[in-house]
Amino acid sequence: MATYKPVVVQAFPKLGEKITQDTLYWRGYKTPVQIKEFGAVNKIHFSPVPPYNYAVTASSRIHIYGRYSQEPIKTFSRFKDAAYCATYRDDGNLLVAGSEEGSIRLFDISGRAPLRQFDGPTKAVHVVGFLSDKYRIFSGGDDYSSSLWDIPNGTEIISYSEHTDYVRCGCASKVNADVFITGSYDHTVKLFDARTKSSVMTIEHGHPVESVLLFQSGGLLVSAGGRYVKVWDILKGGQLLVSLKNHHKTVTCLCLNSSGQRLLSGSLDRHVKIYSTTSYKVVHSFNYATSILSLALSPEDETIVVGMTNGVLNVKHRKPEERKEESQKKRQPAYRTHVKGRTYMPKQEDFCVSKPVKRVLRKYDKMLKSFQSSKALDAVLEPPIRLHTPEVTVAVMQELHRRGTLRSALAGRDEKQINLLLTFVARRVIEPRFTPVLVTVADMITDIYQPVVGQSAIVDRQFLKLQEAIGKEIDYQEELLEVLGMMDTLFATFTKKSTTYPEENKSNGLTETIETNTNN
């Protein structure tokens, strides 16, 4: 008996991910470090000065982490209830945070007790930050108000009560020390100037605003709320430049990279999207385990930190390039030794000794080898093969059809097995690479199980789905043929034929050639 030859699975071309410079750049991070916090992480902020520590606000504590530390190097825990939005000042010496109690606290990084406590808001303060002059603080909270506070005197400078819902995000301009922006659940973003008694610009986002961000130039504003990330031109009176809808759940946080050329957005859909700020197209994305509440990127993009709803802090560090080069240099001699002689071409007088290779058959090949057609089909209908490598399932079906045993392999099945077969066929029959084989399989299943139609609601439903899938594909092909016919007609009207023939002019005895154009 001849040696059994395994089933040949046809290889189909796959549309792989396009490798770009952004893909290589954003993939250059190590395996993430997971740090468990006491509650949902509502804010992460990097210090703007070396060594670039970052503050994490979760539950009633603020933890300060070093860039590579997995334990907090400092903790501020003087809060009776939840703390919010711990933010560094530009010089990295002071830290300000809001709280559920309605107070704002100012901390010195080298100490533990608050330097200042600003009381006035009647409800939780979710937004705090420093103006660029370093001596004033802006805030916003659940009492719908936005306020300015003086650090040296510890007093309130001015309060704005223009929002009609919770104020949950804000940012300050780096260019103008009097300008700050707040976003609210009333769907609006308001721009305030400390020199005026009311807001100078109102932008309608259209959804409850979760995060706002100003570009370094101060001319462009980004707002996030609902599924949308929108970019506005402030210098043109708040004109909408682009609206991005790449997330399928609420966008909760925004961040710019160190160069300002990439915009990052985190969402409850567990994804971080990275956009180019020139084309506003997604150039890369990260996937996380649970919903994302906060996001921060260190200077020079060395570390990316993501805070999630389950209290987990996900920290990724960039791989050092120098170590890569050193490791490659060390491995080069071992690699050369490993491949030594692989490219040697035997001469005529050489005697080649080949080592026999033991071929391991897969489960379906073993069944086919022993002529167990039904079990071979069952083996390729298991979830790992049926879902991830459907070409193997179709290849075995084609082999059974070539042997003439496909009908017997399909026959004699119970309700659950028929349902599985019909589900696979209905899902894959519209794929051009599988259509020729699966159409034959569908015909055989229909012929075999036609007498039992009406006895099982589950099987009847799958037959209807198969009929619907094939009907839609036929309609689609008919529409394509109609479009093709229209295109052929259009191309035919553009065709010009040029006919040249001689005509004799007998008046002067010379022959003139006249070119005539004929349009079809």
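The side chains of R428 and E431 form a salt bridge with an N to O distance of 2.7 Å, a salt bridge being a side-chain nitrogen of Lys or Arg within 4 Å of a carboxyl oxygen of Asp or Glu. Both R428 and E431 are buried, where buried denotes under 20% relative accessible area, exposed over 50%, and partly exposed in between (1.4 Å probe, protein chains only). Salt bridges with shared partners also join D133, R136, D178, D193 and R195 into one network. The structure is a predicted model, in which local features need pLDDT of at least 70 and side-chain atom pairs count only at pLDDT 80 or more, while totals for chains, interfaces and linings use all residues. Residues are numbered from 1 along each chain as its sequence is written, and side-chain values use heavy atoms, with hydrogens and water left out.

In the whole structure, 17 salt bridges are found. One of them pairs K174 with D90, the closest N and O atoms being 3.3 Å apart. Because K174 lies in the loop between β14 (167-172) and β15 (179-184) and D90 in the loop between β6 (83-88) and β7 (94-99), this pair ties together parts 84 residues apart in sequence. K174 counts as exposed, at 52% relative accessibility, whereas D90 is partly exposed at 35%. Helices (H or I, at least four residues) and strands (E, at least two) are DSSP runs numbered from the N terminus.

A further salt bridge joins E162 and K190 (3.9 Å, N to O). This pair links distant parts of the chain, with E162 in the loop between β13 (155-160) and β14 and K190 in strand β16 (residues 188-193), 28 residues apart. E162 is partly exposed at 26% relative accessibility, while K190 is buried at 10%.

S47 occupies the loop between β2 (41-46) and β3 (54-58) and is buried, with a relative accessibility of 5%. Apart from neighbours within four places in sequence, S47 is in contact (heavy atoms within 4.5 Å) with Y52, N53, Y54, Y88 and G92.

On the surface, D475, E478, E479 and E482 gather in a patch of negative charge. Such patches comprise residues with over 30% relative accessible area and no salt bridge, like charges being joined within 9 Å. E478 is located in helix α10 (residues 457-494) and is partly exposed, at 43% relative accessibility.

The protein chain as a whole contains 10 helices and 30 strands. Of its 520 residues, 43% count as buried.

Definitions and conventions: Patches are made of residues with over 30% relative accessible area and no salt bridge: like charges are joined within 9 Å, nonpolar side chains (Val, Leu, Ile, Met, Phe, Trp, Tyr) within 5 Å. Accessible areas come from the Shrake-Rupley method with a 1.4 Å probe; for residues, only the protein chains shown count as cover. Lys and Arg count as positive and Asp and Glu as negative; His and the chain ends are not counted. The place of a charge is taken as NZ of Lys, CZ of Arg, CG of Asp or CD of Glu.
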